[in-house]
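Subject: Structure handover

Hello,

The structure we discussed is below, with its sequence. My notes on it follow; please read them alongside the coordinates.

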Amino acid sequence: MNLSPFIVLLVEDDANDALLLRRAFHRAKLTSLLHVVSDAEEAMAYLEQTPPFNESDEYPAPSLLLLDLNLPRTSGLDLLRWLRKKPAPLKELPVIILTSSRDTEDIDQAYALGANSYMAKPNGNFDGLAEMVKEFDQSGVEKKRP
């Protein structure tokens, strides 16, 4: 039985946070392939497989999108809004908001726009981050509120 790999696309502008997440995936022994882009425009290009992300072998379609809200130029919420207006299968891509914001307004808006889950980064707690990534379910992401 040939199962396709579980691909995670992380949209994160902070290189240190992206590195910590890579390490957390490793510590949690997740076999997911993690691809990182640093802003919403790169994420859009990756998701639509336009240059420089047009090589599907090198940049496969993700199974899950991890999305920071606080991004330069275009916010994570704007990216989520854009994604949910796209045709299937893009609009059906599971999205976990992974951000430092614990603002109720951000949480409510993320769910209203179709986020599957909202997780606040455990600031300065690598072990907490490693435990958090274990919750990323490869069979699908349930809608759940913090």
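Leu 98 is buried: its relative accessible area is 4%, and the cut-off for that label is under 20%. This is a predicted model, and the values here are computed from it. Leu 98 belongs to strand S4. Apart from neighbours within four places in sequence, the residues in contact with Leu 98 are Leu 21, Leu 66, Leu 67, Asp 68, Met 119, Lys 121 and Met 132. One of these, Met 119, lies 21 residues from Leu 98 in sequence, yet the C-alpha to C-alpha separation of the pair is 5.0 Å.

The sheet

Five strands make up an open sheet with parallel pairing, in the order S2-S1-S3-S4-S5. Strand S2 (33-37) and strand S5 (117-120) are the edges, each pairing on one side only. From one strand to the next, the twist averages 20°.

At the S2 end of that order, S1 and S2 are joined by five bridges in the parallel sense. Leu 10 has Val 36 of S2 as its bridge partner.

Two helices can be described relative to the strands. Helix H2 (residues 40-48) lies across S1 and S2, and its direction is at about 155° to S1. Helix H4 (residues 104-112) also packs on the sheet, where it touches strand S4 (95-99) and S5. The angle between the directions of H4 and S5 is about 155°.

The largest pocket

The volume of the largest pocket is about 250 Å³. Its lining consists of 18 residues, and those closest to the centre are Asp 17, Leu 20, Lys 121, Pro 122 and Leu 129.

Which elements give two or more residues to the lining? They are strand S1 (7-11), helix H1 (15-27), strand S3 (64-67) and helix H5 (126-133). H1 provides the largest share, three residues. Sorted by class, the lining holds 10 nonpolar, four polar and four charged residues.

Regards

Definitions and conventions:
Residues are numbered from 1 along each chain as its sequence is written. This is a predicted model: local features need pLDDT of at least 70, side-chain atom pairs count only at pLDDT 80 or more; totals for chains, interfaces and linings use all residues. Side-chain values use heavy atoms; hydrogens and water are left out. On a 1 Å grid over the protein atoms alone, a cavity is a set of points where a 1.4 Å probe fits but cannot get out, and a pocket is an open set with protein on both sides within 12 Å along at least five of seven lines; lining residues have an atom within 4 Å of a point. Grid points are joined across faces, edges and corners, and a volume is the space filled by probe spheres set on the points. Helices (H or I, at least four residues) and strands (E, at least two) are DSSP runs, numbered from the N terminus. Ala, Val, Leu, Ile, Met, Phe, Trp, Tyr, Cys and Pro count as nonpolar, Asp, Glu, Lys and Arg as charged, and the others, Gly among them, as polar. Two strands pair if DSSP finds at least two bridges between them. Axes are lines fitted to C-alpha atoms, for helices over the stretch in contact, and angles run from 0 to 180 degrees between N-to-C directions. Contact means heavy atoms within 4.5 Å. Buried means under 20% relative accessible area, exposed over 50%, partly exposed in between (1.4 Å probe, protein chains only).
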